[in-house]
Amino acid sequence: MTGPVPTEAWIVLSAALFLIGAVGVLRRRSAILVFLSVELMLNAGNLALVAFARQWADAGLITAMSGQTVVFVVLAVAAAEVAVGLGILVAIFRQRHSTDVDALSEVRL
Amino acid sequence: MNDPAAWVALAPLLALAGALINGLAGRAMRAPRAGIVATAAVGAGFVLSLIALLALAGRDDRSVSVALWPYASVGGLDLSFGFLIDPLSVLMLTVVTGVGTLIHLFSIGYMRGDDGHARYFALLNLFVAAMTVLLLADGFVLLFVGWEGVGVASYLLIGFWYRTRANADAARKAFVMNRIGDAGFLMAMFLTAGAFGTLHIASVNEAAVGMAFGSATLGAIGVLLLIAAAGKSAQLPLQTWLPDAMAGPTPVSALIHAATMVTAGVYLIARTAPIFAMTPFASAVVAWIGAATALVAAIAAIAQTDVKKVLAYSTVSQLGFMFVAVGVGAYWVAIFHVFTHAFFKAALFLGAGSVIHALGGEQDLRRMGGLGAKMPITGLTALIATLAIAGVPLLSGFFSKDAILLHALTSTHLDGYGTTGLYGVLLLVAVLTAFYMFRWYHRVFAGRFRGDAKTFAAVHEAPATMTVPLVVLAAFSVGAGWLGLPAFAFPNVLQGWLEPATLGGLVSMPFDHPALWVEWLLLGVAVAAAGVGLGLGAWVYVARDGAPARRFGDGAVAAFARGGLGFDAAYRALFVGGAQGAADGVAVLDRDLVDRGLLGAGTALGTFGRAAAAIQTGRVRTYAATMFAALVILLLLLAWTGART
Amino acid sequence: MIAPADIVLTPLLPFLILLVAASAALLIDVVQHRAQTGGPLALVGLTFAAVSYLVQFGGARTEPTAVFGLHWVVDVPAVALGLIVLFGAILSVLGGWTRVRRDDLDRPEYHPLLLLATAGGLVMVHAGDFVILLLGLEILSLSVYALAAWRPDRRPSQEAGMKYFLLGAFASAILVYGIALTYGATGTFDYGGVAQALLAGAGPLALAGGALIVVGLGFKVAFAPFHQWAPDVYTGAPTPVTTFMSVVVKAAAFGALLRIVATAWSGALPELEVALAVLVGATLLVGNFGALLQSGVKRLLAYSAVAHAGYLGLAVVAAAHGAFATEALIWYLAAYAAMNAGAFVVTMHVMGDDPDRGDRIEAFEGLGARRPGVAAAMTLFLLSLGGIPPLAGFVGKFLAIQAAVRVDHVALAVVAVLGAVVGLVAYLRPVFAIWFRDGRSSVPALAGPVRAAVVLAAVATVVLGLAPDLAYRWIEGSGPLALVPWTP
Amino acid sequence: MTLAALLIPLVGGVLAWATPGRARGAVAVLAAVAAFVAALFLPTAAPVDVAWLPAFGAGLRLDPSGASSVLVLAAALAMIPTVLTAAVRVRERTGTFLGLLLIMQAMLAGLFLASDLLAFYVFWEAALIPSLVLLGVFGGERRRGAVTKYLIYAVSGSFLMLVSIIAVRVLSGAESFAFHELAPAARELDAVTQGWLFAGFAAAFVVKLPLFPLHSWLIDFHRENHPSGAADVAGTLYKVGGFGFFAWAIPLLPDGALVLQPYLLTAAAVTALWGALAATRQEDLKSLLAYASLSHMGLIGVGLFSLTEIGLAGAMLLLAAQMLSTGGMFLLSGMMHARRGSFALDRFGGLARSAPALAAVSLFVIFAAIGVPGLSNFPGEFLALLGAAQASVFLAAVALASVIAAGVYGVNLYQRLYQGRQVEGTHDLRAVEVAILAPIVAGVLWFGLAPANAADRIDDGARVAVHGPDRPVPAEGGAASEPPLATAGGER
């Protein structure tokens, strides 16, 4: 087996990661695990970004580098989300001693 | 306004002024004064009418138009108001104001002591105003203004003593029945305007003559006009209101429900004679409706026990005669009968009024009798009028009725529509008329009194304000017929006077002219009919002292006849019930179906609202699932549409 | 790839001013604890930002330009939307003036977060590039997540913050993936480049990326069925924050969406426009019907916000093709900012001291008799939200429907007006309570800043309705800028 | 002067609202009289054109020519006694009531005068608010339901109309919403498009007219309104769906009107009869009047949907006339309520004895309302039905049947109130009541006896509606060259 792995394969992998993350969001009750699933989805996006960046670089497109740069932006976004999210989570856990997201269903109709 | 004939245009205004004075200030006036104002207003109109009559008689151009004001002009349809003063309208005006004046005069005595007398005279004046407008109008719309105006006045006068429920009911019935006729009138106008683009009567007449003979449009217009006329003139099938209308004060019955308003239908058809002249079908319907009404009403009249109801049915019956006359195309003859009938029927009603007045409100024939001795003037004038209506030769009713019979037989306009049958029916009705009028006179004035003695003792002749009109009317009941003597042998003023006014020289009506001896023979037959009727009456009531009638009177047939041959009952069951049922249904449906149905739709909206809110579970995972599902569906749809293209 | 000539800071001035104000507020608190200077500072910052806009772009018609290699676009829509964002933020700060103190919201980070969120909003409306958009979106969202959960002692507030955060992160992830796919399809992030590539040929990858972006942004603007967070979060969050969210977040998100639809896709993805139309129709129905049965005014207004996303969506749907769509959207957002912020401000002061459950319609009963001025203003806002002429909301609806009709979306317009009927019924329930009921409403006199907010909103609502041309003339004929990408 | 017709009541309304104490009644009456005087000068006034949203060709354009001036005048005349009634009879929040009445009048004046479609819409909706508030604040016990129903009906229709309003300009490509620019362009649209657009307009107008089966709000509206009857008059004046058809929908979209004519004409004829029949069976004065007025609306409808010049003109004439007659009926009902505290008909009877003048005026107005010739409703009713008969003799006959039913409910009503045995005496007309009724009586007579002036002006509008705005007005007598009516009788 020679040559680089084709872009399609990377994209399939990233889509699979995205799906796994999404299913995790839907299935998990613990806020932290939901959160982790979202991180998985974000990283699926990152994987796709770098894969595409390589593809465009191979095609000779001069903007191809931006795809790789953006990965860092997304990583920063993810980090910031973690910070804010954990802050909220801690505040709630302090009061409720639980991170069950299904318990957050008092406001409705 | 230099033309003296045109002065009569002020007549409606005078009457209206009288009505306003009495209506607004009447309550402040003492008893006779309101009556005097009202009588003067109508009397002035009468003088103007006479002046117009004489002015027109003295010249060749007998048609004067007076433009009033532009009512409306819309979409090319000009509806200006104007008066037409011509022999037909002037003659009718003279009768209306003349008889009207007399009846106003009579009312001064009759209504003395009634606390509503100012209202009474105001309404009576209002009626005269509307009636004169009706007669003078040169367009259908203004005519309709008068037409409904008289209906309104009639409604108010029938229900004059409104505190008794029956009176108010009778008034309502008259109004609604008239409205049915009015609806026909309106529809006739709609078709006329559609066909001719104008509602000016003379123009319509002219245009009608230009249309195909017997055209369907004209036929429809004619039939609709007949419905209108039938409503106002109490012809089948709209006749039932008139007997009930006797609930009003008796002079009202004399003026409105005998002499003037009810003849408006005849006038309408005479006014639009060219339309009917062009459509034998509509004419035949008119004639046969008239004949049937004459017969039905005459039969009903025989069985009546109320002194006024006999006269009411008699009026209906005589109006049927007039309808036959206009139906066969003898328009001047119809007006002739209107003319003579106005006098003798007014005299009869006023006579009845005088009797009722004398008996303190008693109206039942079964508790009268022998009053001729106590009330000589009333009795004598009533006798003359009775003989006139019965068709005794040389009195007015004889000539006009004979002319109708003759023209019914000789009309070729209605060839194929059974003119001989018409003649036969009318002859029978003539016999019946003589009979029931004899009965009426005999039950009131002859024989012995059947009420209690105390009442009889109090009976006295009416005051002069009441007897003078009686005498004048009786005089005209004798002489009015002389204006229209049989044309084959005598000078006939009326035909030459009226025929140009009705047919306007546009068409001429065809009649057979039988041999001279036939004409004399027919005259003899008419005399014989009156003789038979009177003779029969004499046999029943004088010779046998009413015994055959008594045996007959308690039977079911008589009850049936007394009830107006079941028309009222049938209407109550069919139409009143039907209409009320429909109205009830509508009222219920409106609430239950329309209202609740749409409210139900509103509730359904609320359900949507609940549904929109119900998907809010409050759970994060549900929301995420919804989002994700929507995303998947979106992607699938895009893939699908992408695959298709 | 940014040439030195591109680094021009003046167009960024409003954004920078907000950052400075936010930092200053935080620093002052370090120096002097609990100084409670956040509010005035925020106000000053926002006002200066607005002034810097007006000074730079207020005069003659703004010539469209872009700095930072096209990533920061300056054109009439961007400036107008930026001003609306600032206007909404000012109303929120003024309107919440006393309420934040009363509810103990006024901790040192409150106003800085508000300013940061506003700054994020500005970034979004100026973004000419998906990455900048993402950054702006996150600056905005992360601040608002925190603000929504600003009362950790109150369960609804916690719940609102957590819900918003989790779902928002989920939506962001979807958006990121969409951006990645778009990049894969076109090789670029900036709108002009994307447009060029898509017009040359749009494959399934671009379509999928577009769909993910629609979902990601659809969440922020609360298009059904991505709207479900909105009622819960609006209700649970402290009302001053709700006010801010309903106006600023909405304006920023719609500004971004408009620019993407009009420039990046620019009609090259017709399937997505159909999908958007369907979402808009659903939003109109869900929002208006949902509002019908609410017993809380905050929640009613939350559904109303969803419904108004639908009306704004009409303009978005039309944006790729129709003239007047951009104007309609800007105008509508301006009107919406005034009337909606006004309604929330009145609500937060009518509400009792139980700020999370005190918004029941009964609280408004008798307001007409007690405080006729406030009552009249509230009535004005509600009628305007319902689209009754001649108020601002009516003109907005008129413009939005007109935009939809121009691109032959008549059916959508009919759905919109039928929804408006339902919505109007919902709005009138508080109106009836205010005027036709004798009640318990006991509202203290409004403090000066609050009164200023209400008056400002009311005047805007009336003037934008009676003399719409004053504002409209300024945005007439503007369309979002689609610049050709920079190439070396 | 055109603007004055709008501003006088508006300013007067605000002043009446603001004036304390009893003086506000005087202020309001003065404003109403001044507005009436201003309306008298309308036919010679100049049009107004103020920019509103010039980018979309929308402006405050007011044109006092044609039917507009007649309707404004009739409404202004009816408003004088209404304001007077309100000033006397409304005890609580009088200022609000008076203010709302006058503001309503201003909005109506704008609605009638508008020659810009969007301005028309704005006034159309704006007039809704005062009538809604009058019902909501001053209504009876079940007013909430009535308000909700009224509102839902009204706005469902009018919001749909907004779509049509926008679409008609967009699709026709007209430069602006001004009638004179919109009409020529819109009339060029194909029939199917016109049909859909017309349906949008019809949605608003049919509800407001109202036509069967969308009328049930009207009954509740009247039943629940303030017992003085003043608010009912405002509601009566606001029955402007017919005007919308006349001034906008039909002239803009004649082919669309033709598409929908069969349905609308049928609905109108049914409405006329349905309302009249239902009116004969009501036991409550206000309900009876509501159904009677529904019947009138049906007659207006058959005139409109005849799509003939005569029918259209008749419909507008009737619309103007019924403002006075129906308005008068409602004011009289208020006087009855003041005497008995109830609208139940069985509480009345025989009142002609103790209150003869009241009885006379009532009868006069009843007769006017049921279309007795010589009084106000007849000319319009007559022409409307005449026009309808040119379109469909059968449907005209159906509608005509309502005239008979009107006779029934009219005399029934009079009998129930005034005839029969007197249940309980009452006082006759007081001075203020005379003052209230005098303008009504005068107006009824004026419209009944000399409608020519009004009819001429309305006819101008009807001609535009039927033939389009660019057709020159035919010279006097010039109509003779063509058959004046669409005729069925080609036999001539």
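Start your tour by selecting Gly173(D): this glycine follows helix α6(D), and its phi is positive, near 70°. This is a predicted model, in which local features need pLDDT of at least 70, side-chain atom pairs count only at pLDDT 80 or more, and totals for chains, interfaces and linings use all residues. Residues are numbered from 1 along each chain as its sequence is written, and chains are lettered from A in the order in which they are written.

Now select residues 143-172 of chain D, helix α6. (Helices are DSSP runs of H or I, at least four residues, numbered from the N terminus.) Its 30 residues reach 42 Å from first C-alpha to last, close to the 44 Å expected at 1.5 Å a residue; the expected span is 1.5 Å times one less than the number of residues. Is α6(D) largely enclosed or exposed? Because 22 of its 30 residues are buried, α6(D) is largely enclosed by the rest of the structure. (Buried means under 20% relative accessible area, exposed over 50%, partly exposed in between, with a 1.4 Å probe and protein chains only.)

Staying in chain D, pick Arg93(D), in the loop between α3 (67-89) and α4 (94-113). Arg93(D) is not a glycine, although its phi is positive, about 50°. Arg93(D) is partly exposed, at 46% relative accessible area.

Next, move to chain C and select Ala222(C), in the loop between α9 and α10. Its phi is also positive, about 65°, although Ala222(C) is not a glycine. Ala222(C) is buried, at 3%.

For a last stop, select Pro225(C), in the loop between α9 (204-221) and α10 (229-236). A cis peptide bond joins Ala224(C) to Pro225(C), with omega about 0°.

How values were computed
Heavy atoms only, no water. Helix = DSSP H or I, 4+ residues; strand = E, 2+ residues; numbered from the N terminus.
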